[in-house]
Amino acid sequence: RRGEWPSVAPLGYKNNLLTHKVEPDTEKVPFVRKAFQLYATGDYSLEELLREVHRWGLTAKAGKPIFKSCLAKMLRNPFYYGRMVYNGEQYEGSHLPLVTKKLFDEVQEVLEKKAKPIKKGVFKFAFTGFIKCGECGASITAERQKDHIYYRCTKM
């Protein structure tokens, strides 16, 4: 509630153990800002941005390369413009923001445009609606069980 981050600082920031505050990591700040700016243009996919970030030499905490999921999480994190989400609630942070709210919103718009909708697994069966039962004349329906397709009469 006081705007102090109670956990490990996100990428681009570091924890100051003496003051118990989160401070910008001077080595990584330019790369984080550049990543936000490049993605906001809409010219980069997450995969292309990840390649750029690796080319710059930006690494995660223990010097390990950044993963695509880490990059996506960074681009969605309001911490970078001064807000904190902790336990599902949002607070105003006391840390220095690395990007402006406007740039963050532009990145969110690009992320939303590039997001692919998840389609439910609607399976179309080849012969439903084409054939009728030879005994009663009712429609034939299909169902899928254990990767096998079974056709049967609806008995109507």
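Analyst: Gly42 follows helix 1 and has a positive phi, near 85°. Helices here are DSSP runs (H or I, at least four residues), strands are E runs of at least two, and both are numbered from the N terminus. Please keep in mind that this is a predicted model, where local features need pLDDT of at least 70, side-chain atom pairs count only at pLDDT 80 or more, and totals for chains, interfaces and linings use all residues. Residues are numbered from 1 along each chain as its sequence is written, and side-chain values use heavy atoms, leaving out hydrogens and water.

Now the helix itself. Helix 1 has 12 residues (29–40) and should span 16 Å at 1.5 Å a residue, which agrees with the 17 Å between its end C-alpha atoms; the expected span is 1.5 Å times one less than the number of residues. Its buried residues (under 20% relative accessible area, 1.4 Å probe, protein chains only; exposed is over 50%, partly exposed in between) include Val29, Val32, Phe36 and Tyr39. Among the elements covering them are strand 2 (21–24) and helix 2 (46–56).

Phe36 leads us on to the rings: Phe36 forms one aromatic cluster with Tyr13, Phe79, Tyr80, Tyr81 and Phe104. The whole structure holds 6 aromatic pairs, meaning ring centres within 6.5 Å for Phe, Tyr and Trp (its six-membered ring), with planes under 30 degrees apart stacked, over 60 edge-to-face and the rest tilted. Tyr13 and Phe79 are edge-to-face, because their planes stand at 90°, with centres 5.0 Å apart. Both Tyr13 and Phe79 are buried.

Key. Contact = heavy atoms within 4.5 Å.
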